[in-house]
Amino acid sequence: MQPPHPRVRFALPLSALLALSACSGRGSPSLGPAHPQREQSVPADPWLPGDPGAVDVRLEIDTHLGARPISPLIYGINYDMRDYREQRWGVLRQGGNRATAYNWENNASNAGSDYLFQNDGQASQSDAPAEAMLKLIDAAASISAATIITLSNADYVAADKNGGGDVRRSGPDYLRTRFKANHPRKGAAFATVPDANDEHVYQDELVAFLKRQRPQARLILSMDNEPELWSHTHAEIFPAPVTYADLWRRNHAFARAAKDAWPGVEVLGFVSYGYAGFTDLQRARDAEGRQFIDWYLSQARAAERGEGRRLIDYLDLHWYPEAQGGGERITGAGTSPAVVRAREQAPRSLWDPTYHETSWVRDKHGGPIELLTWLNAKIDRHYPGTKLAFTEWNYGAGNHISGAIAVADVLGIFGKLGVSLATYWSLLEAEPFAYAAFRAFRNYDGQGACFADTSVSATSSDPALVTVYASVQSDRPERTVMIAINKDMSTKRAGIRISHGTEYKSAAVFVLSHAQPALTAQGVLSTLGTNAFRYDMPPQSIAVIVPRQ
């Protein structure tokens, strides 16, 4: 069984999306926007593929079926600017727990439960306004990527970088002495340089400041971070759990103010931490049996009807799977055989109606999770046109080939099923295998060659062991790129058949295996009949296969 091909929801028009992509065909300059009339074109009269002979698994590619543009914004990362030119990210995100109490006027923030509830300058030691944000925007611009900036929806942001541990030990008046009041709207003229000495911080003034400083920035605004956990992660300013009504009030006010300051900027909401937030906002006291995502989308739809413009452009969620193998959660660093198997199968919970993972989420859900199908149905019912984003996700063991296999599978599914934006959150200090999996899509030859921009039909006769994704370049339809993933511990002989209007004579292969976190050229495959290949997939490997004329 294969992932379906639902309708795609894009963050931007396709021409703008393609302009964000810094990828190119091997040895060619970066590709610009596709011609609108050619966006999904492929050569007519496809060659009937031949027979690759006896194989373990059959991979069928048909470029005339399931053609859907892939958003380059799914290839994103949180914060990390190490090797960002080599990784060629599609979007960089400034977010996480630090963003909730971040004071853009002087770059102070509060670490919350991540580190002692301490005010400090970890975001940036500079006092220059929005310095931490501007550096990220500039890094993104240098690789033609977009930037996600988080707008605090809190009542208070940090006033100082003094450290000293828990701010609540600063006295009963610590909210006045260690914090500043945070507001969605200034209600007065914006200053060229904000007044860092007054008692107030304004988020619409931040948006206006960024627009003035970086008018060409491809900017997306996030409505804070993981609100259902604020009473834990930021108990210093949110001692009581947030309610449905309070969260919408905040998102509504801050999104309206932001769009007034920069018309046309897009907004991510509600930036949930996980499944229990999706359903009832972590047992909010005013849930009253209502599914929170349904309710939230309905509020956003009513707001658009009321004022004639969309305020929430993306339903933004975080996804750290609860799947377990041998009693161990896959998002850890474990690499026992049971954990590896569970980790590599877990991406099936994004789409597969036959897959039952071992997790409390599956139990509470009442069967296969089918996360993307489930969420898209909610969007279609409660607020059609809303795009789907995952600004934090991780499947564990980014320093192991099993982590890379899960990442590659997820990226393939995101592209095939029309997720509009996604940014990976590293859970380990170094995740070289996970990053290598991204390069399989964004820079597989080290020269800027990438998975193409349009997903097409790709099926495997045994998707539990081998999965495959295929793409065609919209403005060069003869260019096809495939990614095949072998999850098995043994070599699998794959027979590959490509239905396409171009006759291919050979195929280059680049492989990521357990040996090292790097893609290496593995020679060239020759045809065994028209557009038919046979490839011995190494155990636990990811292969980029590029047919050539």
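Begin by selecting Trp230, which counts as buried at 1% relative accessibility; buried means under 20% relative accessible area, exposed over 50% and partly exposed in between, with a 1.4 Å probe and protein chains only. The model is predicted, so local features need pLDDT of at least 70 and side-chain atom pairs count only at pLDDT 80 or more, while totals for chains, interfaces and linings use all residues. Residues are numbered from 1 along each chain as its sequence is written, and side-chain values use heavy atoms, leaving out hydrogens and water.

**Aromatic rings**

A search of the whole structure finds 26 aromatic pairs. Rings of Phe, Tyr and Trp (its six-membered ring) pair if their centres lie within 6.5 Å; planes under 30 degrees apart count as stacked, over 60 as edge-to-face and the rest as tilted. The ring centres of Trp230 and Phe238 are 4.3 Å apart and their planes stand at 20°, so this pair is stacked.

Next, select Phe292 and Tyr296. For these rings the centres are 5.7 Å apart and the planes at 40°, so the pair is tilted. Both residues belong to helix 9 (residues 292–307), four residues apart, about one turn of the helix. Helices (H or I, at least four residues) and strands (E, at least two) are DSSP runs, numbered from the N terminus.

**The barrel**

Now display strands 3-4-7-11-12-13-16-17, which form a closed barrel of eight strands with parallel pairing. Two strands pair if DSSP finds at least two bridges between them. Strand 3 (residues 76–78) and strand 17 (residues 421–424) pair in the parallel sense over two bridges. Ile77 stands opposite Tyr424 in strand 17. Tyr424 also belongs to one aromatic cluster, whose members include Trp89, Phe390 and Trp393.

Move to strand 20 (residues 476–486). How many of its 11 residues are buried? Nine are, so strand 20 is largely enclosed by the rest of the structure. Strand 19 (residues 466–473) runs antiparallel to strand 20, joined to it by eight bridges, and a hairpin connects the two through two residues. Val468 stands opposite Ala484 in strand 20. Strand 20 also pairs with strand 25 (residues 541–548) in the antiparallel sense, over five bridges; here Met482 stands opposite Ile545.

**Charges over rings**

Finally, select Arg310 and Tyr383: the charged end of Arg310 sits over the ring of Tyr383, 3.9 Å from its centre. A charge sits over a ring if NZ of Lys or CZ of Arg is within 6 Å of the ring centre and within 35 degrees of the ring normal. Lys387 lies over the face of Tyr314, at 5.4 Å from the ring centre.
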